[in-house]
Structure formats: structure tokens, C-alpha cells
Amino acid sequence: MEKILEINGLTKSYGRIQAVQNLSLDIPKGSVFGILGPNGSGKTTTLGMVLGVIKPDSGNFNWFGQQLNFDTKKRVGAILETPNFYPYMSGVKNLEIVASIKEIRNPKIEETLNTVGLGERGHSKFKSYSLGMKQRLAIASALLSQPEILVLDEPTNGLDPQGIAQIRELILEIASRGITIIIASHILVEIEKVCTHAAVLQRGVLRFAGRVEELTGLEGLVEISAADNGILMNVLNAFDAVESVTEEGGLLLAKLNKEWSADDINRQLAAQGIFVNHLVFRKASLETQFLNLIEA
Amino acid sequence: MKLLKIEWLKLRNHKFFWIGMALYAASMIVLITQMGKFAPFDSKNNEGGMIAFQNLADAGLYKLPYIWQHVTYLASFFKFIPAFLLIFFISNEYQYKTYRQNVIDGLSIGQYYISKLFSALIFTTISLEIVTATGFVMALIHNENIDWSKFLYGTDYLTGFFVEVLFIMMFTMFLTLVFKRSTITVIVILAYYFIAEPLLGLVLGEPVKNYLPTEPSRLLNLQPITRLLGADGLLGNVTPDVVSIKYLVTTIFYTVILGTAGYFILKKRDL
């Protein structure tokens with residue numbers, strides 16, 4: 001597994017507040033990596049450190065196996081917190097400045113604006129943009145140097161549902177081009193819907209890092225019912241893969257301790273002469289997992 | 001060059017830059033061209049008749065080589081206009097968080113700082129150009145039989161003016177970097193320049209007073225008007241004909257100190 005970003009023992013405190021404590025994390029190439037945590041958990045501080053705008057107290061990090069430098073900055077497109085642009089300039093002019101800073105010859109400004117759906121408003125002043133447009137301009141700006149990795153900090157913060165959906169689609173579209181994406185967010189659904197990997201931070205401490213399925217799939221829940229739920233419960237309890245069964249509103253909830261497909265469940269129950277009339281996987285939501293993790 | 005280009009893009013696209021520069025140029029040009037019509041001692045109402053000047057132009061305001069000293073003295077009244085524009089532009093970079101974004105996008109902190117030095121240099125150069133052009137035109141209008149071989153005499157005051165404005169730029173830039181906000185910076189600068197340091201100077205007395213941070217820049221061009229009116233002797237003033245090298249060097253010294261200190265402030269802080 002090729003690592004795009006390698007973080008070793010990063011620590012940062014503000015006075016007595018430990019913003020990030022001894023954080024180590026690897027971001028694999030090609031992943032959509034979610035950094036998840038409540039407000040104030042150290043997400044932005046972590047990103048600020050790896051982007052070179054916050055000085056770590058200790059620890060280090062490498063982009064593409066190198067220290068942060070002009071070259072690595074060019075290979076990374078990043079936005080920290082809010083979209084930061086010159087309000088008195090148009091989207092196009094703002095991107096021209098970014099292109100000059102990144103030394104991009106013949107920047108594809110119009111094309112990039114089209115990608116994010118801002119083609120028609122490119123010449124309007126930044127201050128006239130809606131929040132969703134500002135976010136999209138930020139993504140356009142990050143994409144301008146055709147980076148290998150995109151870093152987004154709360155990209156859907158403050159957007160309406162439609163705006164959130166647009167950004168999400170955009171992120172998935174960018175990811176499909178093979179660009180690695182790091183997203184910091186406190187919105188769990190966002191991470192669940194777009195990320196392949198996730199890390200959970202709480203008060204600056206890493207609580208989990210791994211694939212999103214590991215986070216959500218550890219404790220699968222299956223809703224099942226049959227003509228006779230009493231017999232069904234006994235049968236389910238006899239299966240190895242079932243950890244426990246509870247009843248909830250006329251349905252049985254089977255908690256699984258390993259991966260078990262609907263096919264398998266159905267087949268095995270049928271073999272026992274039970275035919276289910278309801279079988280739905282209820283994924284333990286990321287939210288439940290998340291709360292479990294940070295309450296642990 | 002990349003940094004200069006970026007800085008110029010940032011300035012050029014803001015209407016405040018053009019409005020501010022227009023106001024600055026207009027103020028200088030109006031004062032310089034109209035000052036000649038100002039007649040402090042009107043002979044008609046001055047029965048004593050000792051000084052019978054019609055107005056400052058006739059008194060020699062625009063005569064070579066003194067014209068350079070006179071125009072730069074007048075122009076320096078407006079030096080806070082570009083200084084405030086610089087404060088506005090630099091504090092905006094904090095307010096918009098574009099400073100941080102510039103660094104994320106690829107500038108090093110040193111490069112960002114150099115780009116701001118270019119801003120200071122752009123403002124100073126424009127100031128010099130306005131005063132030189134205005135002075136040149138006035139010199140052509142008011143001097144007959146110009147001896148071109150001596151045309152450069154007195155232009156050391158242009159150098160002095162450049163150094164003075166550059167110093168003010170670095171002084172304001174340093175304080176903007178310290179405070180990050182424009183309002184407080186403007187208040188501190190005015191309070192320091194016009195109240196705190198003069199008071200401190202009064203307490204400390206000469207010669208220490210002359211080496212406080214902003215004082216040498218003020219001593220580069222002492223008011224030449226009393227000499228112009230022939231009143232120096234009367235008032236016991238001595239108006240120098242040349243820029244004091246001592247104060248020129250001291251001003252440059254402070255400019256460099258403030259310039260270096262500004263860099264370390266940026267370097268030390270998180271963005």
C-alpha cells in the first residue's frame with residue numbers, strides 16, 4: 001500500500017489545551033479518507049500542521065515520502081476551514097492568483113470552473129457567491145494544479161441539502177479520477193457516504209483508523225421476522241454468527257459477530273424449515289459507532 | 001518576479017488601490033501647484049514692507065535647485081495615505097485568511113513576506129514618481145534658461161523623500177503584522193507618530209531624541225519655508241541645503257530593523 005501522507009507522533013497544544021496528541025496516521029493512495037470528530041477534536045489543527053500553517057510541538061509528517069516543500073504543495077490541493085479568497089476579485093481572478101502561486105503554466109481555469117459547475121459565474125466577484133458556490137470555487141482552486149491529493153475541511157459546512165448533495169457528487173466524481181481525498185468533517189453521514197477510510201479523533205486523540213466498513217460493519221444488525229418469531233429466535237440463537245437476538249416492535253434484531261450475507265441467512269433458515277417474511281440489514285450506523293468510540 | 005506579479009494582481013484588482021492612489025496624487029499635485037499662490041506676507045497689507053513677496057512662487061518655491069527640497073517637503077504631508085492603503089491591504093490578508101491560503105497553495109512565509117515588501121516598494125515608487133513628475137513640470141514652468149548640467153542639483157531630496165516614505169511603509173507594515181487589524185494599527189501609528197514619540201523626545205531631549213525610531217525620517221527634510229521667506233535669520237533657523245547623511249543612514253538603519261523584525265514575527269507565529 002503506497003502512502004500519500006504519513007503522520008508520526010504529531011502533537012500540538014495551545015496553552016494547557018492539548019489540541020492534538022501524539023497522532024500517527026497513514027493515508028493510503030487512492031483512498032477517500034475521512035477525519036471524523038466533534039468540533040474541537042483537532043481535525044483542523046491536524047490538517048493545519050500537515051499543510052504547513054501550524055507548527056507542531058513535536059512529531060513529523062511526510063507527503064509522498066518527502067518533507068513539505070513547494071513541489072509537494074503543488075501536488076496537494078487544500079482548503080482549510082472556510083473558502084479563503086479575495087472577495088473583491090472574481091472567481092477567475094482568484095484562480096489566476098492561485099495559478100501564479102503554484103506556477104501553473106496555462107492554467108485550465110475555465111475548464112476547472114466548469115467541473116465544479118461555476119462556469120457561468122466565473123467573472124462575478126467572489127463576495128457575490130453563495131456559500132455553496134464559494135465551496136465549489138475552493139474545490140476548483142484546489143483542483144487547479146491537477147493535484148494527486150485533495151484536502152477538504154468541512155466541505156459541506158453550512159450548506160443546504162441540495163448543496164450538500166452537489167458537493168458529495170463532486171467529491172465522488174473527483175475520487176473516481178483516482179485522486180486521493182482527505183475530508184475532515186463532524187458530519188457522520190458525509191463520511192459514511194463518500195469515504196473508503198476513516199480516522200476518528202476525540203480531544204486530539206486518535207480513537208480509530210481504518211476502513212469505513214470496519215467502523216460501520218463491526219456490529220451488523222439484521223431485522224428478521226417469520227410467521228413464528230418464537231421459533232425463529234431459538235433457531236437464530238443457535239447460529240455461531242449470531243451474538244444475540246432481541247425483539248423490537250414485532251421484529252427480531254439479530255446482532256451478528258461476523259460478516260454474514262442475506263443469502264446465507266436465508267438459506268440456512270430455509271434449511272431449518274423457516275421462511276422469513278422480512279429480512280433487512282440494518283447497518284449499525286456510523287453515528288452509533290462513533291458515539292461508542294468516543295464514549296469508550 | 002513571480003512574487004511581484006502576484007502582489008500587483010492583488011493591488012490592481014482592488015478599486016481602493018486606484019481611488020487611494022488618485023487621491024494621493026491629486027493631494028500632492030494640488031498642494032504643490034497651489035502652494036505657489038499662497039502669500040503669507042501680502043505686501044499690500046504689510047505696511048512695514050520689510051518683506052514684499054507677492055506669493056511663494058515669486059519667493060522662489062519652484063526655483064532650481066531648491067524646488068526639490070520644497071516639493072518633497074510638501075509631498076511628505078501625504079505620506080500616510082499610501083501607508084494606510086498598505087495597512088488596509090495587509091490586514092485584509094489576515095481578515096480574508098488569504099495569507100494562510102497563499103502559504104497552503106505554495107508560498108513559503110519568506111516569499112509571502114517578500115511579496116509584501118514589494119507592495120511597500122510599489123507604494124514608495126509611485127510616491128516618488130508623482131513628486132518627481134510634478135516637480136519636474138513646475139521646474140520647467142517657473143525656471144527660465146535652465147542649466148541642464150545642473151538640473152540634478154538638489155535631487156538628493158528626492159532620495160531623502162524615497163527613504164522617508166519607505167521608512168513609513170516599513171513602520172506601518174511592521175505594526176500591521178503585529179496587530180493584524182487595520183483600525184488598531186492606524187490608531188497606534190498616529191498616536192505613536194504624533195503624540196508618543198514627540199513627547200518622549202521632549203523628555204529625553206537632544207541628541208537622544210533625534211535617534212528615536214521615527215525622528216530621523218522627519219529630520220531628512222526640515223521645513224524650508226522660513227528660508228524661502230528670508231526669515232531664517234530672523235528666527236535663528238538654519239535650513240540645510242542638503243539631506244543629512246547622518247539621518248539618512250539612521251532612517252535606513254531603522255527601515256532594515258523593522259523589515260527584519262516583521263519577517264521574524266511572521267516566521268514565529270502560526271497562521
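**Exercise 1. Which exposed residues does the face of α2(B) turned away from its buried side carry, and which residues of α2(B) are buried?**

Solution. The model is predicted.

Step 1. Take the outward face. Lys15(B), Trp18(B), Ile19(B), Ala22(B), Ala26(B), Val30(B) and Gln34(B) are the exposed residues there.

Step 2. Take the inward side. Phe17(B), Gly20(B), Tyr24(B), Met28(B) and Ile32(B) are buried.

Step 3. Look down the axis of α2(B). The buried residues fall within an arc of 85 degrees, so they line one face of the helix.

Step 4. Recall the helix repeat. With 3.6 residues a turn, an α-helix has residues three or four places apart pointing the same way.

Step 5. Find the packing partners. In chain B, the buried residues of α2(B) pack against α1 (2–12), α4 (67–75), α5 (80–95) and α7 (109–142).

**Exercise 2. What span should the 21 residues of helix α2 of chain B have at 1.5 Å a residue?**

Solution. 

Step 1. Helix α2 of chain B covers residues 15–35.

Step 2. The expected span is 1.5 Å times one less than the number of residues. For α2 of chain B that gives 30 Å.

Step 3. Check the ends. The end C-alpha atoms are 30 Å apart, which agrees.

**Exercise 3. In which sense do strands β8 and β9 of chain A pair, parallel or antiparallel?**

Solution. 

Step 1. β8 (residues 197–202) and β9 (residues 205–211) of chain A pair in the antiparallel sense, over six bridges.

Step 2. Take one bridge. His197(A) has Arg211(A), in β9(A), as its partner.

Step 3. Inspect the turn. β8(A) and β9(A) form a hairpin with two residues between them. Arg203(A), in the turn, has a positive phi of about 45 degrees.

**Exercise 4. Is Gly42(A) buried or exposed, and which residues does Gly42(A) touch?**

Solution. 

Step 1. Locate Gly42(A): the loop between β3 (32–36) and α1 (43–50) of chain A.

Step 2. Count neighbours. A residue is buried if 20 or more other C-beta atoms lie within 10 Å of its own. Gly42(A) has 26 within 10 Å, so Gly42(A) is buried.

Step 3. Leave out residues up to four places away in sequence. Gly42(A) then touches Ala19(A), Val20(A), Gly37(A), Leu201(A) and Gly204(A).

Step 4. Take Ala19(A). Ala19(A) and Gly42(A) are 23 residues apart along the chain, with their C-alpha atoms separated by 5.2 Å.

How values were computed: Residues numbered from 1 in each chain as written. Chains lettered and ligands numbered in written order. Predicted model: local features only at pLDDT ≥ 70, side-chain atom pairs only at ≥ 80, totals over all residues. Helix = DSSP H or I, 4+ residues; strand = E, 2+ residues; numbered from the N terminus. Buried ≥ 20, exposed ≤ 12 C-beta atoms within 10 Å, placed from the backbone. Arc of directions from axis to C-beta. Contact = placed C-beta atoms within 7 Å. Pairing = 2+ DSSP bridges.
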